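The sequence and the model are shown first, and the discussion follows.

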Amino acid sequence: MALINVDASRPDPMWAVVRLLAHSKKPVPLNGARALLSPPTLASGDKDASEMFNKAVKTLRELGLLHVAESTGELTLMGPAEHLDGQDWDAFAAALRSAVFAPERNSGLGDNDEQRESRDLTRALAWFLTLDPMGPAVDWDQAQDLMKETPLRPEAGPAVVNAERWRQFCDWAPALGLAARPLLAGGGGSRLVPDCTAAVRYVMQCLWEPGRQVNAVTAVRSVREHLPVLSSGQYSLALHLPNPGDRVAGPALSFALLRGNDEGWLRLELDSDAALVLQVSDPEQPSSPRYVSDITIQEAPSA
């Protein structure tokens, strides 16, 4: 099943299922969960009130986040979702990212145009994160033009194949912390900015505790390992997308690091004698990159 398609769930209904199971702290019968999360009062016309619930359960199962017992029909969280408390959306987003980016769900990513499992979403994210966060928010019409300017490897097909999948992508990308909707979200919520700050912040704060200073190039390598859709990450490279190199952050990651510095949850530093430095694209000095030798983490993940 492709993730950004009408047969798959959006992340919000999946979060509702996860919250119910996390708060119950024990297996929940399938029909009991359906009755709680899709009561008849949610029905609209001929639409099946349980359709959204069924899609959420199906998608969670296919991502390895939910187990449905064959004998009892009871639901239990599993894999990256097993220890979620149902209160921390950022932790849920991290579990989704772990499942979506799992290698077994992205095999042959750049070798063919198969849309099954996570491939469609992974391709779309990798392409979208090559765009400049300082540019205008992107809608479907603009996305079609931008995909021609920065195509994937020909064997992989287009990054997003149609408008319906773009609408699904506009739900998934922000939920994963890899895009943001503009503050004035005209266009029916189908406009996005490639802002990966939420995901980058969560990864960095989980990797290094407050006060820890890390070489900037080493830090970016680790972030790309956890978020392989970033430019120069494993999945971006597999799709033959622009590769800024090991010592260049690229526009989307640069934006996240600069936001972190401005917001105070990390500090960008430059030792003039450092042998290994990272180039960061700074809109305040567009004619030349900003050089960063070290990153110091300032805050732990919020509880």
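Helices and strands are taken here as DSSP runs, a helix (H or I) having at least four residues and a strand (E) at least two, and they are numbered from the N terminus. The model is a predicted one. With this naming, V138 is found in the loop between α5 and α6, the latter spanning residues 140-149.

**Around V138 and W166**

V138 counts as buried, because its relative accessibility is 5% and the cut-off for burial is under 20%. Leaving aside neighbours within four places in sequence, V138 is in contact with F128, L131, A143, L146, W166, S190, R191 and L192. The C-alpha atoms of V138 and V193 are separated by 6.4 Å, although these two residues are 55 places apart along the chain.

W166, one of the contacts of V138, touches W127, F128, V138, D139, W140, A143, V160 and S190 when residues up to four places away in sequence are not counted. W166 also belongs to the largest nonpolar core, which has 89 residues and in which W127, W166, F169, W172, M204, L257 and I295 touch the most other members. The element that gives the most to this core is helix α4 (residues 89-100), with seven residues.

**Helices α5 and α7**

How do the axes of α5 and α7 cross? The axes of helix α5 (residues 119-128) and α7 come within 11 Å and cross at roughly 75°, an angle that makes α5 roughly perpendicular to α7 because it falls in the range of 65 to 115 degrees. On the α5 side the contact is made by D120, L121, A124, L125, W127 and F128, and on the α7 side by R165, W166, F169, W172 and A173. By class, this contact has nine nonpolar, no polar and two charged residues.

**Helix α3 and what it packs against**

Helix α3 covers residues 51-62, twelve residues in total, and reaches 17 Å from its first C-alpha to its last, which is close to the 16 Å expected at 1.5 Å a residue. Its buried residues are F53, A56, V57, T59 and L60, and these pack against α1 (11-24), α2 (30-37), β2 (66-68), β3 (74-77) and α7 (163-175). Just after α3, G64 takes a positive phi of about 75°.

Most residues other than glycine have a negative phi. K25 has a positive phi of about 60° although it is not a glycine, and S232, likewise not a glycine, has a positive phi of about 75°. K25 lies in the loop between α1 and β1 (28-29), whereas S232 lies in the loop between α9 (216-226) and α10 (234-238). Is each of these residues buried or exposed? K25 counts as exposed, because its relative accessibility is 72% and the cut-off is over 50%; S232 counts as buried, because its value is 13% and the cut-off is under 20%.

**Residues brought together across the sequence**

The table lists pairs of residues with their separation along the chain and their C-alpha to C-alpha distance.

| Pair | Separation in sequence | C-alpha to C-alpha distance |
|---|---|---|
| N31 and E74 | 43 residues | 8.7 Å |
| G73 and V28 | 45 residues | 8.5 Å |
| V138 and V193 | 55 residues | 6.4 Å |
| S293 and N215 | 78 residues | 5.9 Å |

N31 has its place in helix α2 and is exposed, because its relative accessible area is 56% and the cut-off is over 50%. G73 is found in the loop between β2 and β3, where it counts as buried at 17% relative accessibility. Not counting residues up to four places away in sequence, G73 touches V28, P29, L30 and V68, so that its partner in the table, V28, is also one of its contacts within 4.5 Å.

The place of S293 is in the loop between β7 (290-292) and β8 (294-297), and at 1% relative accessibility S293 counts as buried. Its contacts, again leaving out residues up to four places away in sequence, are V214, N215, A216, E269, L270, D271, A274, L276 and V277.

Conventions. Residues are numbered from 1 along each chain as its sequence is written. This is a predicted model: local features need pLDDT of at least 70, side-chain atom pairs count only at pLDDT 80 or more; totals for chains, interfaces and linings use all residues. Side-chain values use heavy atoms; hydrogens and water are left out. A nonpolar core is a set of buried Ala, Val, Leu, Ile, Met, Phe, Trp, Tyr and Cys residues joined through side-chain atoms within 4.5 Å. Buried means under 20% relative accessible area, exposed over 50%, partly exposed in between (1.4 Å probe, protein chains only). The expected span of a helix is 1.5 Å times one less than its number of residues. Axes are lines fitted to C-alpha atoms, for helices over the stretch in contact, and angles run from 0 to 180 degrees between N-to-C directions. Angles under 35 degrees count as roughly parallel, over 145 as roughly antiparallel, 65 to 115 as roughly perpendicular and the rest as oblique. Ala, Val, Leu, Ile, Met, Phe, Trp, Tyr, Cys and Pro count as nonpolar, Asp, Glu, Lys and Arg as charged, and the others, Gly among them, as polar.
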